Amino acid sequence: MMKTKLLFCLIALCFAVTFTVSAKKKKKKAKTYLTLVTAFSQRIVPGIPGPPPPTGVHFIIVWEGEKNPETFFWRGDGGWLSCNVAKAKKIVNRRYIRANYREYETSVIAIDQIKKGDTLQLDPVTGGKFPIPAEIPATAQNTLFFKTAGSAWLSYHVDSVKKIPDIVRP
């Protein structure tokens with residue numbers, strides 16, 4: 001009887017020690033500001049002569065931050081580019097997707113109207129004269145940079161960008 005109680009106490013002590021050690025080893029979870037849904041590259045071929053339409057890389061993200069974003073920039077092969085932000089909605093009509101090679105439709109949204117859980121499309125645009133801040137490492141490539149109210153520069157590295165078929169305009 002005494003040996004059984006001692007055995008149960010020993011087992012309980014082992015579980016307690018194991019639980020305490022594993023609880024201390026858990027790392028504090030990093031704060032997530034955005035989730036990347038997809039990154040794609042698509043060229044738009046104009047049908048009539050004129051200035052070329054914007055082309056390049058596009059990102060679909062879900063905003064997870066508690067505070068609104070203030071600005072987005074992309075640092076890729078094209079240098080330091082500011083991003084246009086639009087609200088994105090998944091298209092459910094498969095025929096439309098096949099005909100237009102687009103999975104999301106976009107609508108205008110003011111950056112201060114973005115809420116947690118919103119799906120956004122970020123489109124880097126050329127032509128801005130925004131200097132690269134000193135806080136951005138010179139080695140940073142294929143990275144989205146953004147700020148929220150009162151934050152330093154935050155970043156999200158994009159591992160790969162898929163190429164999707166071109167859109168040919170009439």
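In which strand is His58 found? His58 belongs to strand S3, where strands (E, at least two residues) and helices (H or I, at least four) are DSSP runs, numbered from the N terminus. The model is a predicted one, so local features need pLDDT of at least 70 and side-chain atom pairs count only at pLDDT 80 or more, while totals for chains, interfaces and linings use all residues. Residues are numbered from 1 along each chain as its sequence is written, and side-chain values use heavy atoms, with hydrogens and water left out.

With a relative accessibility of 13%, His58 counts as buried; the term means under 20% relative accessible area, whereas exposed means over 50% and partly exposed lies in between (1.4 Å probe, protein chains only). The side chain of His58 is joined to that of Asp123 by a polar contact of 2.5 Å. Such a contact is a pair of N or O atoms within 3.5 Å; within protein, one must be able to donate a hydrogen and the other to accept it, and residues adjacent in sequence count only if both atoms are side-chain atoms. Beyond its neighbours within four places in sequence, His58 is in contact (heavy atoms within 4.5 Å) with residues including Thr38, Phe40, Gln121 and Asp123.

Strand S3 (residues 56–63) and strand S1 (residues 34–42) run antiparallel and are joined by eight bridges; two strands pair if DSSP finds at least two bridges between them. Within this pairing, Leu36 has Ile61 in S3 as its bridge partner. S1 is also joined to strand S10 (residues 162–163), this time in parallel, by two bridges, and here Phe40 stands opposite Lys162.

Five of the six residues of S8 are buried. S8 pairs with strand S4 (residues 69–76) in the antiparallel sense over six bridges, and Arg75 stands opposite Thr143 in S8. S8 is also joined to strand S9 (residues 154–157), again antiparallel, by four bridges; Leu144 has Tyr156 in S9 as its bridge partner. Together S8 and S9 form a hairpin with five residues between them, and Gly150 in the turn has a positive phi of about 75°. Not counting residues up to four places away in sequence, Thr148 touches Tyr33, Trp63, Lys67, Asn68, Pro69 and Glu70. Thr148 and Phe72 are 76 residues apart in sequence, with their C-alpha atoms 9.6 Å apart in space.

Aromatic rings are another feature to look for. The structure holds eleven aromatic pairs. Rings of Phe, Tyr and Trp (its six-membered ring) pair if their centres lie within 6.5 Å; planes under 30 degrees apart count as stacked, over 60 as edge-to-face and the rest as tilted. One of the pairs is Phe72 with Phe146, tilted at 35° between the planes and 5.8 Å centre to centre. This pair links distant parts of the chain, with Phe72 in strand S4 and Phe146 in strand S8, 74 residues apart. Phe72 and Phe146 are buried. Phe73 and Trp153 form an edge-to-face pair, because their ring centres are 5.8 Å apart and their planes are at 70°. Here Phe73 in strand S4 is linked to Trp153 in the loop between S8 and S9, 80 residues apart. Phe73 counts as buried at 6% relative accessibility. Ring pairs also link Phe73, Trp80, Phe130, Phe145 and Trp153 into a cluster.

Where do the nonpolar side chains gather? The largest nonpolar core has 18 residues, and among those with the most contacts inside it are Phe59, Ile61 and Phe72. A nonpolar core is a set of buried Ala, Val, Leu, Ile, Met, Phe, Trp, Tyr and Cys residues joined through side-chain atoms within 4.5 Å. The elements that give two or more residues to this core are S1, S3, S4, strand S5 (79–90), strand S7 (119–125) and S8. Leaving aside its neighbours within four places in sequence, Ile61 is in contact with residues including Leu36, Phe72 and Leu122.

Glu66 gives a contrasting view, in the loop between S3 and S4. Glu66 is exposed, with a relative accessible area of 59%, and its side chain makes a polar contact of 2.9 Å with that of Lys116.
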